[in-house]
Amino acid sequence: MLRVDDLAGTHAVAAAIAGLARPGDVIVLAGEMGAGKTAFAQGFGRALGVTEPITSPTFTLVHSYPCAGKLTLHHADLYRLDSSSDVDDLALHELAADNGIVLVEWGDVAAASLGDHIEVRLAHPLDTDDPEAAGDIGEFGDTGGREIELSATGSLWAGRWDRLSRAVEAYRC
Amino acid sequence: MLILGIETATQQVGVAVGGHEGVIATFEVARGRRHAEILTPAIEFTLKQADIELAEISCIAVDVGPGLFTGMRVGLAAAKALAQALRIPMIGISSLDLLAFPCRHTDRVVVPVIDARKGEVFWSMYRQVPGGLQQVAAPTVGPVDDLVADLLARSQDVLCVGDGAERYRDEILDGYRCEISGPAYPPVGALVQLAHARALREEYLRPGEIEPVYLRAPDAQINWSVREERP
């Protein structure tokens with residue numbers, strides 16, 4: 001479990017993960033509305049050299065951003081999808097296989113369709129008391145702290161997990 | 001009768017036109033995977049070089065997969081849109097049929113194998129019969145190991161074709177009478193040839209009846225309740 005005090009901290013953790021990410025990676029972003037999934041994606045994209053603004057793909061399903069080299073960052077959001085075939089239609093693993101890194105907001109609800117991945121679970125400390133209040137803070141320029149939990153499914157990150165742990169050591173709680 | 005064929009089920013983009021006189025023109029690009037950018041100009045170019053107007057086309061043939069979703073949805077959407085706009089019928093052909101077709105003169109079992117990513121492949125099996133090939137094993141998706149087990153269980157002389165066979169050459173060639181040869185991607189010329197045979201039998205479909213073959217896990221509702229149950 002990690003704890004960050006401000007948006008810069010979220011961006012720093014995102015940058016640490018981005019620094020170890022490789023083409024083919026799928027990274028699930030979990031957490032309630034306003035927990036900071038898109039904020040994380042912004043920090044992640046900036047670390048990969050994305051210069052255009054990264055915005056929520058809730059209504060467009062997938063946004064793709066060219067990065068350094070021939071790498072592409074794909075930012076997906078499953079919030080509007082109802083069935084696993086909708087998720088399959090996005091072919092996220094194909095996007096990853098084609099020299100891409102894929103961030104999937106709400107990806108935890110369809111984790112089985114995503115293959116090997118790591119999950120970044122974000123939560124406001126407020127969530128336990130009043131999720132709606134936390135959501136409001138998130139929607140409007142949140143600068144508050146949040147808790148971040150990292151976990152891996154499959155062996156894709158096994159060789160990188162130690163380095164990842166060291167890279168985020170400063171935020172461990 | 002002129003048939004326009006559209007093939008985007010793998011990383012290749014293919015366009016062909018032909019009819020009673022056989023295949024007149026083909027266009028295939030297997031690099032870049034920029035299906036959406038390449039396909040429409042490719043159709044325009046192919047027809048122009050063959051000196052054929054779009055209005056002369058009487059049927060749209062399309063590769064319905066199995067294959068990569070990212071390419072297939074581009075090809076199917078374009079093919080359906082053209083058929084709707086031109087008010088002409090369609091014919092859908094399996095990507096695996098297209099890969100096997102050029103190998104129809106062998107007496108070995110022909111096994112088209114398409115790379116499905118994530119360590120999985122699509123495959124099926126064909127055997128020579130008078131007048132062409134007959135499918136002897138239905139299309140399947142699974143790990144490469146499952147394909148190898150399937151091949152071993154048959155213990156027959158096998159000819160594997162397709163980008164999946166190329167990619168997993170070492171695994172597939174391990175331990176039985178197997179050769180890897182033939183086309184890496186579904187040949188779009190074969191699409192027009194096979195569609196022509198069906199057109200002669202008037203086995204047409206309406207655009208709304210053409211469905212992609214995904215061969216993926218059965219559909220399930222996303223369980224959105226999981227997130228409320230979490231602490």
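What share of the contacts in chain B with a separation of 6 or more comes from residues 24 or more positions apart? Such residues account for 64% of those contacts, where contact means heavy atoms within 4.5 Å.

Before we go on, a word on what you are looking at. This is a predicted model, in which local features need pLDDT of at least 70 and side-chain atom pairs count only at pLDDT 80 or more, while totals for chains, interfaces and linings use all residues. Residues are numbered from 1 along each chain as its sequence is written, chains are lettered from A and ligands numbered from 1 in the order in which they are written, and side-chain values use heavy atoms, with hydrogens and water left out.

Let us start with chain B as a whole. Chain B holds eight helices and 10 strands; these are DSSP runs numbered from the N terminus, with helices being H or I of at least four residues and strands E of at least two. Its radius of gyration is 19 Å, close to the 17 Å that the globule rule gives for 231 residues, so chain B is as compact as a globular protein of that length. Here the radius is taken over C-alpha atoms, and the rule is 2.2 Å times the number of residues to the power 0.38. Along the principal axes, the C-alpha atoms fill a box of roughly 60 × 50 × 35 Å. Of the 231 residues in chain B, 50% are buried, meaning under 20% relative accessible area, with exposed being over 50% and partly exposed in between (1.4 Å probe, protein chains only).

Now zoom in on helix α2 of chain B, where you will find M72(B). M72(B) counts as buried, at 1% relative accessibility. Leaving aside residues up to four places away in sequence, M72(B) touches several residues, among them T8(B), A9(B), P66(B) and Y214(B). E7(B) is 65 residues from M72(B) in sequence, yet the two are 8.0 Å apart in space, C-alpha to C-alpha.

One of those partners, P66(B), deserves a look at its backbone. P66(B) lies in the loop between β4 (59-63) and α2 (69-86) of chain B, and the peptide bond from G65(B) to P66(B) is cis, with omega near 5°.

In strand β6 (residues 109-117) of chain B sits R117(B), a residue other than glycine with a positive phi, near 70°. R117(B) is buried, with a relative accessible area of 10%. Over in chain A, A91(A) lies in the loop between α3 (84-90) and α4 (92-97). Phi of A91(A) is also positive, near 50°, and A91(A) is buried at a relative accessible area of 1%.
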